[in-house]
Amino acid sequence: MEILKETELFPIYINRNLYNQFHDYMSNNRTDSWQLIELGHEAEKLLMAKDFHQLECIKHLPQVIPYPHQTKTAQKVISELRGRAILADEVGLGKTIEAGLILKEYMLRGLVKKVLILVPASLVLQWTRELNEKFAIPATAQRKHYSWDADIVVASIDTAKRDDHMNIILSNEYDMLIVDEAHKLKNRKTKNWQNINKIKKKYCLLLTATPVQNSLDELFNLITLLKPGQLGSYNSFLQNYVEQKRKPKNKEELKKIIDKVMIRNKRRDGGVEFVDRHVHTITVELSEPERNLYDAVTNFIRNHRDLNMLSLLTLQREVCSSSDATFVTLVNMLKNVEIGSELEREIHSILDISRTVKEVTKAQKLVEIIKSINDKVIVFTEYRATQEFLQMYLAHHQISSVPYRGGFKRGKKEWMKDLFFSRAQVMVATEAGGEGINLQFCNNIVNYDLPWNPMRIEQRIGRVHRLGQSRDVHIYNFSTVDTIEEHILYLLQEKINMFEMVIGELDSILAKLKMPKGQKLESNLLDIVYGTQNKEELTAKINELGEKILQAKKDLQKESGSIDIFH
Amino acid sequence: MTFSTDHYVKRYFEAVNSKILSDKNSPIFSVKIPMDVDKELTHRPYYWMYIESLGQQPEPTTLHLAFDPKVDPPDDMDCELITLGSIRFHNILNSARRRGKIGKLYQYFPPKSQLSRSILRPYLLINMRVSLIADKTQDHLYSLGINLQSGQLYRNFYNNVTMFPLTEVAPHESLLGQPSISFESAISIMEEDLCKYVTEFDNQWAAQASHNMMEEIGQIKSYYDSQLVDLQKKLDDITNNLADTSQSEETVEQNQIHVEISNEIDLLNFEKRQRIDEVKWQFSPRVEISPYSMVMIYMV
């Protein structure tokens with residue numbers, strides 16, 4: 001490009017390469033065919049951006065049928081937000097699709113060539129594949145040092161932050177930077193935040209479902225990455241817009257400013273249709289040997305509160321899952337026990353009882369359910385031993401299944417998903433994987449055992465109950481009569497109705513209760529289980545905990561006007 | 001305008017001399033492509049390097065293309081669906097752009113007509129894309145022609161000229177008028193008009209982009225400056241303190257803080273510059289003109 005003229009408002013550049021080529025052709029008496037010249041002209045016509053605002057990319061993307069809110073978001077980011085935005089849709093509304101549309105649009109218009117996409121490690125392949133397959137964007141997953149040379153690189157944030165990688169990134173200028181799960185950049189004191197802040201970029205998209213979790217500061221920090229000064233200096237931000245850590249003031253004004261850098265679509269805004277959830281409870285009565293085992297383990301735990309709490313907790317939960325899982329843990333415990341001790345004798349006697357369990361009532365029920373569903377089912381369990389047992393058990397009953405574990409490498413996870421899609425009726429999974437794979441083609445979930453942490457249950461449901469699920473979702477829970485599990489299910493299902501909650505709601509409730517991610521709730525439950533002497537007391541305590549959660553839910557709804565500053 | 005990928009792709013393969021294997025009405029279009037076309041449509045440089053190093057003449061590739069997603073190809077056929085968005089189709093578009101740039105055309109008259117003995121005047125046609133670029137873009141296709149004898153300019157030349165029957169077959173040399181204007185001066189006359197053409201556009205887009213740019217730069221400046229002022233004040237205080245007091249443990253500590261604040265100021269200044277550069281990069285309005293085809297046309 002050479003400068004042709006400098007006008008008051010803009011310079012005019014021209015590319016003169018073609019003149020020389022023309023000269024050469026003429027002197028060699030050479031020409032291109034007229035038909036090709038016409039085809040070339042038609043290609044230009046097809047590829048040109050006819051309008052500043054219109055989304056050109058939609059017609060080029062037959063593999064994507066975007067939802068109206070996604071198209072609207074992409075349009076708005078380009079024409080009003082000037083290409084720097086926080087995409088803050090609630091989980092499951094398709095932020096990735098929105099980012100893909102925006103990226104594709106800029107690429108078609110020739111405004112973006114060099115792109116850096118930073119995502120959690122578990123999502124690198126998924127992003128790469130979606131961009132290639134759905135958007136025909138030739139993205140490369142970062143694997144080797146030379147991968148950085150590619151025009152469009154998808155890398156994990158943790159890999160990118162290593163000095164040798166960061167130095168390469170910082171030596172580049174990126175037409176577009178995309179960061180997924182951007183809530184990891186909430187704290188400006190962290191290395192991650194500072195690194196991202198140093199990257200040279202033209203357009204920038206930050207994707208997060210939770211732009212504000214604990215404090216309005218987080219929002220300030222995210223926006224500063226995009227447009228420093230949008231909210232004024234930090235001090236004036238505090239002065240003008242923050243009443244308390246989580247409570248904004250001058251809401252209207254703040255909202256107006258935030259609307260210029262952030263778009264948040266919510267389920268209840270409509271336009272997005274969601275299928276219904278149906279919750280089924282399967283009641284199981286333990287057989288006599290199973291009951292003996294359960295009682296033996298429960299007594300054992302009660303009498304040995306001096307032992308390693310973690311293994312006791314595990315044991316207590318495992319005994320509701322399968323005798324196999326219990327067996328493995330007990331055998332492991334034996335390794336740390338003094339030989340010939342009373343403890344060793346006790347453990348051996350439980351092991352003896354566990355050997356008397358010949359038929360697993362729950363597994364029998366599971367086979368019944370799977371057969372009656374007669375469609376794809378995901379069975380979730382917390383334990384590896386249960387998983388292995390179930391796979392064998394299902395195979396024995398001529399039901400094809402694939403395993404799925406958090407420990408699988410990325411490629412293997414994808415492979416198992418494909419196998420499940422094409423060959424198997426059942427997937428037996430130990431991990432819901434917070435940011436993992438999507439399994440919308442399946443609409444049945446069985447919670448073979450219940451995690452004590454409700455967040456993990458929500459993640460399980462989130463695998464199938466998301467955008468793109470076209471059928472109603474069925475959730476099957478086991479309730480084993482007269483066990484802890486019965487109480488947990490009562491708490492989660494009857495008391496707080498968690499299976500009916502919208503995704504994301506539970507997260508806010510637990511945060512409100514100062515039990516972030518639900519881990520504290522787990523230990524609370526354990527305390528209740530051990531601290532009570534009889535069933536009546538246990539029920540009362542569980543009810544009390546349930547009331548606390550319900551109260552938090554109510555408070556949250558009352559406050560939602562002030563915490564959720566966006567609507 | 002409805003665009004038919006089907007029609008476009010078939011015309012393309014005819015134009016690049018590929019052998020069409022399928023029936024005219026077959027739902028799957030099969031075509032054997034020559035090596036040079038293959039190189040432009042399939043991205044596999046290592047394969048070609050390998051073939052060339054062996055000095056082999058590879059069997060030409062056959063492509064099977066479908067344009068309707070409802071088409072169900074036989075299991076053993078490697079058939080691909082061509083849509084507006086597919087990478088293959090974009091390769092085809094780009095190949096056509098690369099191969100269709102420079103030509104020579106003559107007004108066609110039926111051999112027996114009186115006009116077939118007329119002298120044809122030389123014109124130069126340039127087709128170009130004019131892109132208005134800021135943080136957003138808009139493209140215009142523009143076509144300019146010049147009579148190489150009189151120097152007269154014709155806007156929208158391509159559409160006007162293609163209304164006449166044209167041929168690639170040259171008439172007898174004696175019928176071709178000679179240009180009296182050099183190529184260089186023709187170009188400079190045309191470029192002068194181009195500038196005029198561009199400034200005739202509504203400037204709103206550029207004014208708006210400049211306005212947005214200034215707004216963003218202002219915001220960045222005030223954000224960093226407010227911090228820089230505070231830090232500078234702190235720094236000055238320390239400098240004054242240091243001047244007042246004599247050597248002590250305290251001064252060592254103060255010196256340390258002094259260095260830290262100076263570093264922070266440098267960092268902020270660096271960041272501020274970078275953010276401003278980014279905004280300029282993003283918003284600075286400019287116009288880029290890219291000629292994509294040039295044709296000599298001889299007409300009455």
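**A loop residue in chain A**

A:Glu181 sits in the loop between β7 and α8 (191-198) of chain A. Helices (H or I, at least four residues) and strands (E, at least two) are DSSP runs, numbered from the N terminus. The phi of A:Glu181 is near 55°, a positive value in a residue other than glycine. A:Glu181 has 20 C-beta neighbours inside 10 Å, so it counts as buried. Buried here means that 20 or more other C-beta atoms lie within 10 Å of the residue's own; exposed means 12 or fewer, partly exposed is in between, and C-beta atoms are placed from the backbone.

**About the model**

This is a predicted model: local features need pLDDT of at least 70, side-chain atom pairs count only at pLDDT 80 or more, and totals for chains, interfaces and linings use all residues. Residues are numbered from 1 along each chain as its sequence is written, while chains are lettered from A and ligands numbered from 1 in the order in which they are written.

A:Asp482 has a positive phi of about 60°, although it is not a glycine. Is A:Asp482 buried or partly exposed? With 13 other C-beta atoms within 10 Å, A:Asp482 is partly exposed.

**The sheet of chain A**

Chain A holds an open sheet of seven strands. Their order is β5-β6-β4-β7-β8-β3-β11, with parallel pairing. Two strands pair if DSSP finds at least two bridges between them. Strands β5 (140-141) and β11 (262-263) of chain A stand at the edges. Each has a single partner strand, so one side of each is left without a neighbour in the sheet.

Strands β7 (residues 173-179) and β8 (residues 200-207) of chain A run parallel, joined by six bridges. In this pair, A:Glu173 stands opposite A:Lys200 of β8(A). Helix α9 (residues 216-226) of chain A packs on the sheet and touches β3 (84-87) and β8 of chain A. The direction of α9 makes about 150° with that of β8(A). Axes are lines fitted to C-alpha atoms, for helices over the stretch in contact, and angles run from 0 to 180 degrees between N-to-C directions.

**Where the chains meet**

The contact takes 59 residues from chain A and 63 residues from chain B. Two residues are in contact if their C-beta atoms, placed from the backbone, lie within 7 Å. On the side of chain B that touches chain A, helix α7 (residues 204-244) of chain B gives the largest share, 11 residues.

Strands also cross between the chains. Three bridges join β2 (residues 11-14) of chain A to β10 (residues 286-299) of chain B, and the two run parallel. There, A:Ile12 has B:Val287 as its bridge partner in β10(B).
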